[in-house]
Amino acid sequence: NEYKSYLRMASKLVRRVIATARAPGAIGPYNQAVQINETLYVSGQLGLDEKTGDFVSADVVAQAKKALENMGHILEEAGTNFDNVVKTTVLLKSMEDFAKVNEVYSSFFKEPYPARAAYEVANLPKYGLVEIEAVAVVGDIEDQ
């Protein structure tokens, strides 16, 4: 029946791969980000230079800043920004760096802040000091 066909089409989920040369390319079998309808999943970002693939510094503050700058370029490519990030996960080589990373983090996000988890991990790709991933919404958000 025509109505059932319409409902099936209307309920299909649309997947879009997000990629930008303004952020480092994936260093494995994954994408910088994947959007499903209005939800954007941004892969963990390290403090890597997009041209060389090397860390911008051995300093956790510089790595956190670059990781979030890289994330910003990916968000922009998807048509959204930090205001629409609803969840982040911060992975730290050492929880002793939490306050330093938090200071950098707070310069990219404003209220209402996204939900967040932070973990100390045994190791990160390329022996990084911090990695940050995010879930964002693409579209207008009305805060209540």
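## The loop holding P112

P112 is placed in the loop between α3 and β5, where helices (H or I, at least four residues) and strands (E, at least two) are DSSP runs, numbered from the N terminus. The peptide bond that joins E111 and P112 is cis, with omega at about -5°.

The structure is a predicted model, in which local features need pLDDT of at least 70, side-chain atom pairs count only at pLDDT 80 or more, and totals for chains, interfaces and linings use all residues. Residues are numbered from 1 along each chain as its sequence is written, and side-chain values use heavy atoms, with hydrogens and water left out.

## Helix α3 and its cover

In helix α3, which spans residues 98-106, the residues V101, V104 and Y105 are buried, a term that stands for under 20% relative accessible area, while exposed stands for over 50% and partly exposed for values in between (1.4 Å probe, protein chains only). Seen down the axis of α3, these buried residues fall within an arc of 100°, so they line one face of the helix; the arc is that of the directions from the helix axis to the C-beta atoms.

On the other side of α3, A99 and E103 are exposed. The cover over the buried residues of α3 includes helix α2 together with the strands β4 (85-92), β5 (115-120) and β6 (130-137).

## Salt bridges

A salt bridge is taken here as a side-chain nitrogen of Lys or Arg within 4 Å of a carboxyl oxygen of Asp or Glu, and by this rule the count comes to 5. One of them joins the side chains of R22 and E76, with an N to O distance of 2.7 Å. This pair links distant parts of the chain, since R22 belongs to the loop between β1 (15-18) and β2 (33-36) and E76 to helix α2 (residues 60-77), 54 residues apart. R22 is partly exposed, its relative accessible area being 41%.

E50, K51 and K66 are linked in a network of salt bridges. The side chains of K51 and E50 meet at 3.8 Å, N to O. As to accessibility, K51 is exposed at 72%, E50 is partly exposed at 24%, and K66 is buried with a relative accessible area of 12%.

## I18 in strand β1

I18 lies in strand β1 and is buried, with a relative accessible area of 1%. When its neighbours within four places in sequence are left aside, I18 is in contact (heavy atoms within 4.5 Å) with Q32, A33, Q35, L40, I74, E77 and A78. Between I18 and A67, by comparison, the C-alpha to C-alpha separation is 17 Å in space, and the two residues are 49 residues apart in sequence.

N37, in the loop between β2 and β3, has a phi near 50°, a positive value in a residue other than glycine. N37 counts as partly exposed at 29% relative accessibility.

K126 is found in the loop between β5 and β6, and its phi is positive at about 60° although the residue is not a glycine. K126 is partly exposed, with a relative accessible area of 40%.
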